[in-house]
Amino acid sequence: MTDGTRPDGSLADIPGRAGRDAVVIGGGLAGITAALALADAGVRVTLVEGRPRLGGLAFSFQRGELTVDNGQHVYLRCCTAYRWFLDRIEGTALAPLQDRLDVPVVDVDKPEGRRLGRLRRDALPVPLHLGRSLATYPHLSLAERARVGRAALALKGLDLADPTLDTQDFGSWLTAHGQSARAVEALWDMVGVATLNAVADDASLGLAAMVFKTGLLSDPGAADIGWARVPLGELHDRLARRALDTAGVRTEVRTRVTSISSDENGRWSVQVPGETLRADAVVLAVAQREAYDLLPGGALDAPEQLLEIGTAPILNVHVVYDRKVLSTPFLTALGSPLQWVFDRTDASGLKDGQYLAVSQSAAQDEIDEPVATLRERYLPELERLLPRARGARVRDFFVTRERTATFAPTPGVGRLRPGARTKASGLYLAGAWTATGWPATMESAVRSGVSAAEAALSALGRPRPSHLFDVEEAA
């Protein structure tokens with residue numbers, strides 16, 4: 001064989017190529033990123049994924065003639081690593097950003113005609129870019145708006161490197177800074193629940209401060225929203241696989257790793273059914289519990305801490321109507337259990353009618369509710385929110401559930417999140433749950449993959465690809 005594999009498909013020990021073989025375990029965004037970065041540096045890479053497709057927890061599936069995303073995923077202009085990823089897989093045009101932040105916010109408790117408010121930015125420097133929007137935001141009183149402004153300035157002054165922020169909860173900090181329950185509902189949680197997957201009382205102040213400082217208080221355009229106008233599988237599976245193939249990565253799906261171990265020479269063996277993959281570097285890009293099960297002894301000082309990183313669910317409600325009931329690409333709701341509602345009609349391939357996806361983060365109380373119960377709850381709420389839904393026929397109603405969608409961003413989680421390097425030479429960790437400084441987002445996943453690849457390349461003595469996104473690995 002001239003491609004570096006034995007007849008059975010396992011990697012050969014090729015003279016002159018020592019230190020240039022890697023196995024990446026996990027085909028989510030973290031694993032795909034690590035594999036691409038390593039391959040771009042001239043490393044021979046095998047990517048192993050247990051599922052039948054790539055993309056991790058941001059994927060698509062077929063339901064009849066519809067192509068359905070398991071959940072609505074968005075990113076912001078400040079998500080520079082994910083934007084690099086989109087560019088690397090040639091998918092940027094398929095997931096464009098807003099020209100300028102504009103979020104319709106509908107309060108269903110108000111009379112029709114007075115329900116709509118908007119959060120949008122002007123072309124002014126921070127913090128003036130949000131000044132007019134906040135000053136005219138109808139869902140808060142004048143006094144509440146003034147107190148929000150003062151809290152935002154206090155938030156801007158926090159030092160994200162201060163470890164004590166991670167020991168405090170965001171809700172208590174907001175209360176101490178004069179934020180009413182209404183302000184938390186109509187602003188802080190509206191943004192925070194969607195980005196952190198937790199309400200303010202359950203969220204680390206460190207992570208919340210990172211989200212608001214980076215997204216709203218760093219650059220005027222930082223919070224502009226982007227989302228895929230095609231199914232996520234088109235980006236994270238088809239285009240990602242094409243990029244991997246072009247980079248020379250061997251990709252194996254439906255292949256679950258059963259164990260990893262190293263020999264006295266520092267080479268690694270990755271056991272999969274019917275084959276042993278051998279490599280000089282291994283990137284473990286799986287969920288924290290799976291990482292715990294696969295880690296060899298001594299790789300981390302306290303591996304049991306991985307099991308202390310909690311998880312948080314996201315529920316997505318999908319409704320297909322026989323007519324158009326939502327006239328904007330998306331909106332968010334107040335005074336209702338509904339959170340964010342997106343129009344997925346074109347992306348799903350629906351030819352007539354309208355398909356809405358309702359994204360419900362921090363859904364601990366609903367994640368196991370029967371579909372019939374959720375239907376009884378959410379269809380009337382959609383009719384309250386969208387008057388045109390009241391006369392529309394529901395063609396289909398279904399739910400998708402991600403019970404472990406993200407790690408739980410609880411106070412103290414920061415000390416549990418490991419960096420990319422382990423104490424086992426040649427073994428690296430990646431995943432949104434690792435110490436990226438970000439909450440569990442697509443951005444965090446890509447950043448972790450870059451960090452793991454950079455650590456591996458440094459150890460392998462390989463040059464860093466010049467086009468690789470520049471990220472500092474968290475300690």
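These exercises work through local features of one predicted model, each with its solution.

Local features need pLDDT of at least 70, side-chain atom pairs count only at pLDDT 80 or more, and totals for chains, interfaces and linings use all residues. Residues are numbered from 1 along each chain as its sequence is written, and side-chain values use heavy atoms, with hydrogens and water left out.

**Exercise 1. Backbone exceptions**

Solution. 
- Most residues other than glycine have a negative phi, and most peptide bonds are trans.
- Proline 127 sits in the loop between strand S7 (116-120) and helix H3 (131-135). Helices (H or I, at least four residues) and strands (E, at least two) are DSSP runs, numbered from the N terminus.
- Check the burial of asparagine 197. Its relative accessible area is 3%, so asparagine 197 is buried. Buried means under 20% relative accessible area, exposed over 50%, partly exposed in between (1.4 Å probe, protein chains only).
- Now arginine 254. At 64% relative accessible area, arginine 254 is exposed.

**Exercise 2. The shape of H6**

Compare the span of H6 with that of a straight helix of 16 residues, and locate its bend.

Solution. 
- Work out the straight case. The expected span is 1.5 Å times one less than the number of residues.
- Locate the bend. H6 bends by about 50° at tryptophan 188. The bend is the angle between axes fitted to the seven residues ending there and the seven starting there.
- List the buried side. Buried residues in H6 include Ala183, Leu187, Trp188 and Met190.
- Look past the end. Asparagine 197, with its positive phi, follows H6.

**Exercise 3. Aromatic pairs**

Describe how phenylalanine 170 and tryptophan 188 pair, then do likewise for tryptophan 227 and phenylalanine 342.

Solution. 
- Count the pairs. The structure holds eleven aromatic pairs. Rings of Phe, Tyr and Trp (its six-membered ring) pair if their centres lie within 6.5 Å; planes under 30 degrees apart count as stacked, over 60 as edge-to-face and the rest as tilted.
- Take phenylalanine 170 and tryptophan 188. They lie 6.0 Å centre to centre with 85° between the planes, an edge-to-face pair. Phenylalanine 170 is in helix H5 (residues 170-176) and tryptophan 188 in helix H6, 18 residues apart.
- Check their burial. Phenylalanine 170 has 1% relative accessible area and is buried. Tryptophan 188 is also buried, at 4%.
- Take tryptophan 227 and phenylalanine 342. Their centres are 6.0 Å apart and their planes at 75°, so this pair is edge-to-face. Tryptophan 227 lies in strand S8 (residues 225-227) and phenylalanine 342 in strand S16 (residues 340-343), so the pair ties together parts 115 residues apart in sequence. Both residues are buried.
- Finish with the cluster. Phe170, Trp173, Trp188 and Phe212 form one aromatic cluster.
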